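Let's take a friendly walk through this structure together. Keep the viewer open as you read.

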Amino acid sequence: MKILSIQSAVAYGHVGNSAAVFPLQRIGVEVLPVYTVNFSNHTGYGAWRGPMISPDDVRDVITGIEERGVFPQIDVVLSGYQGGEGIADVILDAVSRVKAANPDAVYACDPVMGNAKSGCFVAPAIPILLRDRVVPAADIITPNQFELGFLTETEPDTLESTLASVDLVRATGPRTVLVTSVERPDREEGTIEMLAVDDSGAWIVQTPLLPMKANGSGDVTAALFTAHYRRTGDAAEALARATSSVFDLLSLTHTSGERELQLVEAQEFYANPGLQFTVRQVR
């Protein structure tokens, strides 16, 4: 499998491609990383250095890959955080060109906007751009519950309302939706859930909620779920594998006391997920 991953990169820590690439490689995926920024560290520190890469330069890198004749072999185009408005056109153009070369290729979009605790943390135009242009072009999307609400102009909280919101966003284009960070009022205390929905059904998985915030965990989740789903076509299996790997990565990081994901130390959890959580069909 080959994935063209158009995302940010940092030298220190693990977000964007610096979070997604290694876990994908560890499960046997050939990754072609294209960087949208090249920062010293993620912006959560409040200070960082390095350039945001212009859309023209990103497009140029993608064109160079195309000129090597690789596009017919690409199975997935993956995108995450979009720093500026111009990058969406570059990504959508790349998706169109890859699909022209390989009609079986899919586009997986992590529509990064923010979360319920901190609200939106992207430029004001980005959520609207994602909702109106990018998400409708995607085959797979991996929003959190907050982002799902923005995309559908709803406020999902219960399982029923979250499924209803998923149906609304699926009607706009993407057939497969992974909702991360599902927090419903009737869930068991100290837990959090993820929900996967495609044409064949809907599945939910519950894990303990770890008392930590880890930048980049969503990027790892989106990458692993997408790769497993593309490989198997089985949403339940992809959900089980991604959940297991990411939970163990977060547990290891929490135990370490480090702020940054312990991505390399957790590598066996990607290659051999423990499958310790029950995936339950809810539709």
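Is Asp-139 buried, partly exposed or exposed? Asp-139 counts as partly exposed because its relative accessibility is 24%; here buried means under 20% relative accessible area, exposed over 50%, and partly exposed in between, with a 1.4 Å probe and protein chains only. Before going on, please note that this is a predicted model, in which local features need pLDDT of at least 70 and side-chain atom pairs count only at pLDDT 80 or more, while totals for chains, interfaces and linings use all residues. Residues are numbered from 1 along each chain as its sequence is written, and side-chain values use heavy atoms, with hydrogens and water left out.

Asp-139 has a partner: it forms a salt bridge with Lys-99, with the closest N and O atoms 2.7 Å apart. A salt bridge here is a side-chain nitrogen of Lys or Arg within 4 Å of a carboxyl oxygen of Asp or Glu. This pair links distant parts of the chain, 40 residues apart: Asp-139 sits in the loop between helix 4 (125-134) and strand 7 (140-141), and Lys-99 in helix 3. Helices (H or I, at least four residues) and strands (E, at least two) are DSSP runs, numbered from the N terminus. Lys-99 is also partly exposed, at 27% relative accessible area.

Salt bridges that share partners join Arg-59, Glu-66, Asp-93 and Arg-97 into one network. Look at Arg-97, whose side chain meets that of Glu-66 in a salt bridge (2.5 Å, N to O). That pair also links distant parts of the chain, as Arg-97 is in helix 3 (residues 86-101) and Glu-66 in helix 2, 31 residues apart. Arg-97 meets Asp-93 in a salt bridge too, at 2.5 Å, N to O; both lie in helix 3, four residues apart, about one turn of the helix. Arg-97 counts as buried because its relative accessibility is 18%, whereas Glu-66 at 30% is partly exposed, and so is Asp-93 at 26%. A search of the whole structure finds 14 salt bridges.

Now turn to Thr-191, in strand 9 (residues 191-198). Thr-191 is buried, with a relative accessible area of 7%, and its side chain reaches the backbone oxygen of Glu-188 at 2.5 Å.

Finally, find Phe-150 in helix 5 (residues 145-152). Phe-150 is partly exposed, with a relative accessible area of 27%. Phe-150 and Ile-128 are 22 residues apart in sequence and 8.8 Å apart in space, C-alpha to C-alpha.

Terms used. A polar contact is a pair of N or O atoms within 3.5 Å; within protein, one must be able to donate a hydrogen and the other to accept it, and residues adjacent in sequence count only if both atoms are side-chain atoms.
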